[in-house]
Amino acid sequence: MIAIRPRWVRQLGLASGLTLSTLAAVIAAPAMAETLDLGVTGELASFDTSQISGGIWESQILMDVYEGLVKKSPEGKVLPGMASDWQVSEDGKTWTFSLREDARWSDGEPVTAEDFVFGWRHLLDPANASKYAYMLYPLVNAREVNTGELALEELGVESRDDGRTLVVQLNQSTPYFLQLLTHYTAYPQPQHTFEQYGKEYVDLEHIVTNGAFTPTEWISQSRITTVKNPEYYEADQVALDGVRYHTIEDRNAGVSRFRAGELDIMREYSSSMYPLLKEEIPEATHMATYLGSYYYVFNHRDGHPTAEPRVREALNMAVRRDVIADNIMGGTFQKSLSFVPDGIDHYQVQNAAFDDAEGNDITGDLNARMARAKELLEDAGYDQGNPLTLRLRYNTTDEHKKIAVAVSSMWRPLGVEVELVNAEATVHYQTIAEGDFDVARAGWIADYNDAENFLALLRSGVGNNYGAYANEAFDTLYDEAATTLDLDERKAILERAEALAMDDDALIPMLYYVSRNLVNPAISGWEDNIEDDHPSRWVSFEE
């Protein structure tokens, strides 16, 4: 067992049933290095930012080992990072960043503007097939570079002053651009090691990083170990000696390990455990407002029954969100009628309560809804003699299974036969990205606080548009918003785009997330925030 801090042991011992002898032994254990043991709910795909699958656990690791032009405070505010300062042109299209002189990779080599140019070109290179390439589409020629229409060198980013200045050209003024730069798609990549080792530059024997920590060990499906990066420009202000990220897909097992003192933080405990945890270890149990949507994806590709609008509408109408949120999830989610979550800056969510011109209400009288849903399926050609059969995929957790079982039972009175298929998170998202499903569980956590970050997932051809939803009118509105400088006009356009997608039953909005974390009370520098970002650079243990 990893030694835990005495104050927390005393609090934890009462709640976890530690014997007095065990408790005394742990308290008497010699002080250990201040390494943070952090439980994450999935496996990192790669330290190559172009190969990330999109899990929030990946974001946690990458924000600790890499740093972009800007970084986040414990409260989620944007602060200078690799850039010491920046300037923006009057039209908002040209950003000029001055890189700090003491920016270093973990091997001592300077972090230069060329590393950002290389990293962004690497992410957009069509040969790397990055699912998140679209995040950089605000840059001039980014889309054309990513689709192979233009060479990598045509990207609107340039290194000047021997690598001390980075100049970025945008297609138009982009209100969320500074927020976007906190995302891992905007991190630099070390050009000097890539040139030496090629794609093996992120292997542990070659990897260098520019964040507060650098990796030293990776045991697949077990843990990643990092140590403090002595070359980090604020290394003297980093309290931790390192961070261990433990891969724990079973949330209940994660809670047990936290209560046993093996973890200092467990990200995303199971919602079913909230009442017990809040009662027994209230100081450690965190739940806070969060910018995230839990939804079901419809497969819009030809050959799938969910490509039929009447099928999508019927399935959407039969889902009882209040039952899922209140009864099944015990109030640890909020019911949702929109894709863009409540709380997004400068935006009014567009709910799907009335999702067609006939006023089919997905929140009204249940009997009326089910009757109408049955009519829609019959109109689409499904009845007792020809039942609708669906494959519903979800990634393996207890709560995802509970929701999938519940939704299947809600569809059963319509004569729908559902096959439930589950897989661990990385496999699940790879599978649905390939289109092998009819309905699939998905979740999206804001990369930055703007409605565009959610609506981008419904644009034609985007990598994380798992259902291949394509609506020309939606795309037109989305593109119009991207070129609209007036923030109120842009807001109205984005709201129309979401309303159109909801009317089209592009997906099933189901729940809004809340963040759920277990945090050792002896830790400081961890602050609940609406994006649930917690860089370990700020974390320390109280004496």
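Biologist: In which loop is Gln221 found?

Modeller: In this predicted model, Gln221 belongs to the loop between strand S8 (213-219) and strand S9 (223-228).

Biologist: What is the value of phi of Gln221?

Modeller: The general idea comes before the case. Most residues other than glycine have a negative phi. Gln221 is a residue other than glycine, yet its phi is positive, near 60°.

Biologist: Is Gln221 buried, exposed or partly exposed?

Modeller: One reads this from the relative accessible area, where buried means under 20% and exposed means over 50%. Gln221 has a relative accessible area of 44%, so it is partly exposed.

Biologist: Where is His346 found, and what is its phi?

Modeller: His346 is placed in the loop between strand S13 (334-335) and helix H12 (366-379). Its phi is positive, about 50°, although His346 is not a glycine. Its relative accessibility is 45%, and therefore His346 counts as partly exposed.

Biologist: Which residue takes a positive phi in the hairpin of S6 and S7?

Modeller: That residue is Asp161, with a phi near 55°. The hairpin has 4 residues between its strands. The strands themselves, S6 and S7, run antiparallel and are joined by 4 bridges.

Biologist: Over how many bridges do S5 and S7 pair?

Modeller: Strand S5 (residues 94-99) and strand S7 (residues 165-169) pair over 5 bridges, in the antiparallel sense. Thr94 has Gln169 as its bridge partner in S7, and Ser98 has Thr165.

Biologist: How many residues of S7 are buried?

Modeller: Of the 5 residues in S7, 4 are buried, and the strand is mostly covered.

Biologist: How do strands S14 and S15 run?

Modeller: Strand S14 (residues 389-395) and strand S15 (residues 417-423) run parallel, and 7 bridges join them. The chain passes from S14 through H13 to S15, a β-α-β crossover that is right-handed. Within the strand pair, Arg391 has Glu419 of S15 as its bridge partner.

Biologist: At what angle do helices H11 and H13 pack?

Modeller: A helix pair is read from the angle, the axis separation and the hand. Helix H11 (residues 321-328) and helix H13 (residues 398-411) pack at about 145°, with axes 11 Å apart. H11 passes H13 in a right-handed crossing. On the side of H11, Val323, Ile324 and Ile328 make the contact, while H13 contributes Lys402, Ile403, Ala406, Val407 and Met410. By class, 7 of the contact residues are nonpolar, none is polar and 1 is charged.

Biologist: How far apart are Ala325 and Ile403 in sequence and in space?

Modeller: The two separations are read side by side. Ala325 and Ile403 are 78 residues apart in sequence, while the C-alpha to C-alpha separation in space is 9.4 Å.

Biologist: What separates the C-alpha atoms of Lys199 and Asp48?

Modeller: These atoms are separated by 8.6 Å, whereas the residues are 151 apart along the chain. Lys199 is found in the loop between helix H7 (191-197) and S8. Its relative accessibility is 68%, so Lys199 counts as exposed.

Notes. Residues numbered from 1 in each chain as written. Predicted model: local features only at pLDDT ≥ 70, side-chain atom pairs only at ≥ 80, totals over all residues. Heavy atoms only, no water. Axes fitted to C-alpha atoms, helices over the stretch in contact; angles between N-to-C directions. Helix = DSSP H or I, 4+ residues; strand = E, 2+ residues; numbered from the N terminus. Left-handed = near helix turned anticlockwise from the far one by under 90°. Contact = heavy atoms within 4.5 Å. Nonpolar A, V, L, I, M, F, W, Y, C, P; charged D, E, K, R; others polar. Pairing = 2+ DSSP bridges. Right-handed = clockwise from strand over helix to strand, strands pointing away. Buried < 20%, exposed > 50% of the residue type's maximum accessible area, 1.4 Å probe, protein only.
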